[in-house]
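Please find below a note on the model under review.

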Amino acid sequence: MAITAKLARLAPKPETNHMLYGPTHRAIQNALSQLIEKEINPNVDQWERNKLFPAKTVFKKFGNLGIFGVNKPTEYGGLGLDFSYSVAVAETMGQVNCGAIPMAAEVQSDMATPALAEYGSDYLKREFLMPSLTGEVVSCLGVSEPHAGSDVAAIRTYARKHNDDLIITDTAEIFFDNVRVPMRNIIGDEGRGFFYQMSQFQHERLVAVAVLLEPLSKIIDTTMEYARERQIFGQPELNNQIVSYQLAEMRVELESVRSLLYRAVLEKLSGEDVTILASMAKFKAARIARSITDNCLQASLNGHIVSRFYRDLRLFSIAGGCDEVMLSIISRHFESK
Amino acid sequence: MRVLVGVKRVIDFAVKVRVKPDKTSVVTDNVPHSMNPFDEIALEEAVKLKEANHAKEIVAFSLGPAKNQEILRTALAKGADKAIHLEVDDATYQKVEPFHVAQAIAKLAKDEKFDLVFLGKQAIDDDANQTGQLVAGFLNWPQATFASKVETEGTSHLKVTREIDGGLETIKVKLPAVLTADLRLNEPRYATLPNIMKAKKKPIDKKTPKDLGLDLTSQTEVLEVSEPPTRKGGEFVEDVPTLVKKLKEKGAL
């Protein structure tokens with residue numbers, strides 16, 4: 001991992017005008033970056049070896065720093081900032097040297113909690129949002145079933161009313177066996193869950209793209225450095241134009257996705273519905289995650305960090321709305337015009 | 001006790017530094033910068049003194065171009081109460097030396113009646129290790145450099161453990177004094193996000209070299225900046241006797 005350490009800050013951060021981030025975004029990113037470097041990354045290899053994710057400890061650290069609630073209301077411990085700050089945090093989370101931890105953190109901040117923060121009652125926000133923001137509890141989101149998932153509307157898990165409670169049965173990410181939940185735990189209006197979840201998906205998809213940018217950049221840099229040092233046929237691997245050009249092309253793809261993300265975020269901030277842009281960005285990001293990790297694996301002879309991300313980033317074409325669903329959304333939008 | 005903490009904006013320690021083709025200096029454009037790590041440690045100690053009610057106010061100070069504001073905001077987010085920015089343009093900043101910075105700090109310390117000046121022991125870009133000592137000289141104040149532990153002795157003195165070549169040395173200094181922080185003094189806190197937001201409301205006073213009567217005449221001239229010679233590859237030997245022979249051949253034994 002010596003190369004990765006050396007590359008930690010090799011990619012230049014432009015100090016001039018950024019289309020999305022200002023000095024406060026940068027200050028927040030620097031704080032999170034320091035935490036990741038000092039307390040997360042040094043432990044990642046060991047957690048991998050032991051197949052361990054100390055979610056409670058890690059989440060407490062993130063919670064203390066305050067990164068779970070950047071766009072959540074201040075009354076419940078959030079910072080009350082706009083979504084661009086969530087994206088800035090997500091992008092920096094990508095500095096963690098594995099996929100699981102940023103993903104878990106983003107579920108906590110921007111996948112499981114947006115609807116709760118937007119539509120939940122004061123009681124629900126105190127009970128569930130506040131401890132989520134401090135990192136005391138670990139949240140999750142379940143939208144997959146044996147019979148449904150991509151087709152969200154076909155979900156069968158149901159809740160039956162019984163006095164003041166709901167009894168929930170069936171199988172989602174977890175198996176519900178007559179689970180009793182008080183009626184007042186319903187987020188927002190009864191029957192509106194589908195709509196809330198659909199709108200929550202936009203947040204989820206955009207931060208998923210953001211989280212991919214740093215690891216992909218790191219992989220390309222790592223592979224380039226490897227190719228510079230590795231000698232074959234009497235010269236550095238990087239001297240082969242195909243290797244050099246492929247790396248360049250990967251950088252083009254990465255920057256294109258980055259621009260698409262920032263554009264989607266800016267439009268969202270101005271109040272637009274960005275379902276199509278978010279779907280496009282999610283689709284493309286997941287696809288280049290596969291091609292970049294695959295190409296870099298080839299060029300780096302199964303390099304350590306590259307192979308880890310080859311494994312971890314494959315998820316993005318499947319989760320958070322699989323590629324096929326993204327294409328379905330996009331094609332239906334244009335065909336219906 | 002009022003504490004003045006000096007913070008310098010330096011190239012981030014993890015960056016691979018490159019020398020400019022004209023060999024006048026290193027490349028700083030578009031390179032990540034951050035607060036000098038030893039200054040972070042000094043700031044942390046000052047904030048701890050305030051939290052223990054030994055200090056009343058912590059003021060962060062930086063001499064440099066507009067970008068130094070970011071470092072001062074970070075200092076405010078980590079616990080400084082206010083900041084002073086002595087602003088100079090990029091060209092002037094290239095020629096600033098510890099001698100000038102020390103003059104500025106000394107003037108501020110005297111004019112605004114600080115009881116303690118706390119700096120990092122050295123900056124990681126020039127490794128000069130001069131500013132703290134110069135400030136003490138200008139002010140004729142006691143100094144305790146390379147501090148690895150700081151304790152109060154009543155309200156008039158500080159007991160400081162210093163890291164020196166032979167080990168550790170503990171001295172007592174009478175306030176007002178100058179301290180410089182060494183690596184093992186403490187583990188700096190993170191700037192939490194709520195504190196980053198609160199820091200935006202804390203004041204940053206702007207000053208010019210003229211305000212402090214600062215003379216920026218160069219004391220030194222940089223002739224050339226170049227990279228160290230590239231490390232030559234080593235070689236493997238089969239056994240210990242061969243190793244010993246090679247070391248003798250190279251004059252290492």
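1. The contact (heavy atoms within 4.5 Å) draws on 25 residues of chain A and 22 residues of chain B. The model is predicted: local features need pLDDT of at least 70 and side-chain atom pairs pLDDT 80 or more, whereas totals for chains, interfaces and linings use all residues. Side-chain values rest on heavy atoms, without hydrogens and water, and residues are numbered from 1 along each chain.

2. About 2000 Å² is buried between chain A and chain B, with 60% of this area given by carbon and sulfur atoms. Buried area is the accessible area (1.4 Å probe) lost by two parts on being put together, summed over both.

3. On the side of chain A that touches chain B, α2 (23–49) and α3 (55–65) are the elements that give two or more residues; helices are DSSP runs (H or I) of at least four residues. The largest share, nine residues, comes from α2(A).

4. UniProt, in an unreviewed entry, places "domain: Acyl-CoA dehydrogenase/oxidase N-terminal" at residues 23–136 of chain A; such annotations may be inferred rather than shown by experiment. The span is 70% helix and 0% strand.

5. Over all chains there are seven aromatic pairs (ring centres within 6.5 Å; planes under 30 degrees apart are stacked, over 60 edge-to-face, the rest tilted). F99(B) and F138(B) form an edge-to-face pair, because their planes stand at 70°, with centres 5.5 Å apart.

How values were computed:
Chains are lettered from A and ligands numbered from 1 in the order in which they are written. Rings of Phe, Tyr and Trp (its six-membered ring) pair if their centres lie within 6.5 Å; planes under 30 degrees apart count as stacked, over 60 as edge-to-face and the rest as tilted.
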